[in-house]
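Dear colleague,

I am passing on the structure we spoke of, with the sequence alongside, and some notes on what turned up in it. Please read the notes with the model open beside you.

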Amino acid sequence: MIVTVRLFASLRETAGWSEKELELGAEATVAELLDLLFQELGVDWSGRPVYAAINQRYAAPDAPLQEGDVVALFPPVSGG
Amino acid sequence: MSQTKLFEVTDQPLSLDDVARRVTRPDCGAVTVFAGTVRGVTATEDGARETDFLEYEAYGEMAEAMMAQIGQEIQERWPKVAAVAMVHRVGRCEVEEPSVVIAVATPHRGDGCFEACRYGIERLKAIVPIWKKENWADGEVWVEGPRQPELDVTRPSQAGGE
């Protein structure tokens, strides 16, 4: 399946990109997406915490992904 | 700024009056307004650091959805609340400018408007996808909130880069 990954703030700056379409296996989860980023795409966030949202809703690591999902990955928020 | 949008991320300067007007209604006699303003001096371990300006970045669509969710939470906790508005700025904010304004209207001041306003800013700072970057004389740094374990999807075994 193809999902769109969007990065924000320091995670975006470290990775060097803000949006990519990535191909994942049929039953992929958020955790597996992170594995892909770290192991195959060389993304290095040095163990920093990452929040994930699927289609604008916070998601757990075992949340399943579907074709066309927009997954946002970002650091702990600091608005206000 | 839109006069009617209750939950908004905008790159325009904020006005406390404008946000208060979004919630003011004839059946309400109490309106509370909270403004988060840019501080010019931050205390750090190495002494005071002077901030030149802040830059805010947002995941706009989700930020507005999360602010609307907080509005719902407020209505559930304080059923007499008639209206809630939350507006956050993105882009560059100068010292003393408001970066976020929250307004709550209730029929009477005892109906929870103070508490709801406080709750609103605490929840915004916990879940709304907006990030601030401090800019000062020697550089810039992203400010990140405290890590909330229930939202962190990383696992020790996949620290990325190890």
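Strand 5 (residues 53-58) and strand 9 (residues 130-136) of chain B pair in the antiparallel sense, with 6 bridges between them, and within this predicted model one place to look at in the pairing is B:L54, which stands opposite B:E134 of strand 9. Both strands belong to an open sheet of 4 strands in chain B, whose order is 7-5-9-10 and whose pairing is antiparallel. The edges of that sheet are strand 7 (91-94) and strand 10 (139-143) of chain B, and because each has a single partner strand, one side of each is left without a neighbour in the sheet. From one strand to the next, the twist averages 25°.

Is B:G36 buried or partly exposed? With 19 other C-beta atoms within 10 Å, B:G36 counts as partly exposed, since a residue is called buried if that number is 20 or more. Leaving aside residues up to four places away in sequence, B:G36 touches B:P98, B:S99, B:V100 and B:I121, and also A:G80 from chain A. The C-alpha atoms of B:G36 and B:I102 are separated by 8.7 Å, although the two residues are 66 residues apart along the chain.

Turning to the contact between the chains, 30 residues of chain A and 33 residues of chain B take part. On the side of chain A that touches chain B, at least two residues each are supplied by helix 1 (9-15), helix 2 (30-40), strand 3 (51-54) and strand 5 (70-74) of chain A, and the largest share, 5 residues, comes from helix 2. By class, this side of chain A is made up of 21 nonpolar, 7 polar and 2 charged residues.

The largest nonpolar core has 63 residues, and those with the most contacts inside it are A:A52 and A:L73 together with B:A63, B:M86, B:A103 and B:V104. Of these, A:L73 touches A:V5, A:L7, A:L11, A:V50 and A:A52, again not counting residues up to four places away in sequence.

As to confidence, the model scores ipTM 0.95 and pTM 0.93, while chain B has a mean pLDDT of 93, with 94% of its residues at 70 or more. Where pLDDT is low, the predicted coordinates should not be read in detail.

With best wishes

Key:
Residues numbered from 1 in each chain as written. Chains lettered and ligands numbered in written order. Predicted model: local features only at pLDDT ≥ 70, side-chain atom pairs only at ≥ 80, totals over all residues. Pairing = 2+ DSSP bridges. Axes fitted to C-alpha atoms, helices over the stretch in contact; angles between N-to-C directions. Buried ≥ 20, exposed ≤ 12 C-beta atoms within 10 Å, placed from the backbone. Contact = placed C-beta atoms within 7 Å. Nonpolar A, V, L, I, M, F, W, Y, C, P; charged D, E, K, R; others polar. Core = buried A, V, L, I, M, F, W, Y, C linked by C-beta atoms within 7 Å. pLDDT = per-residue confidence, 0-100.
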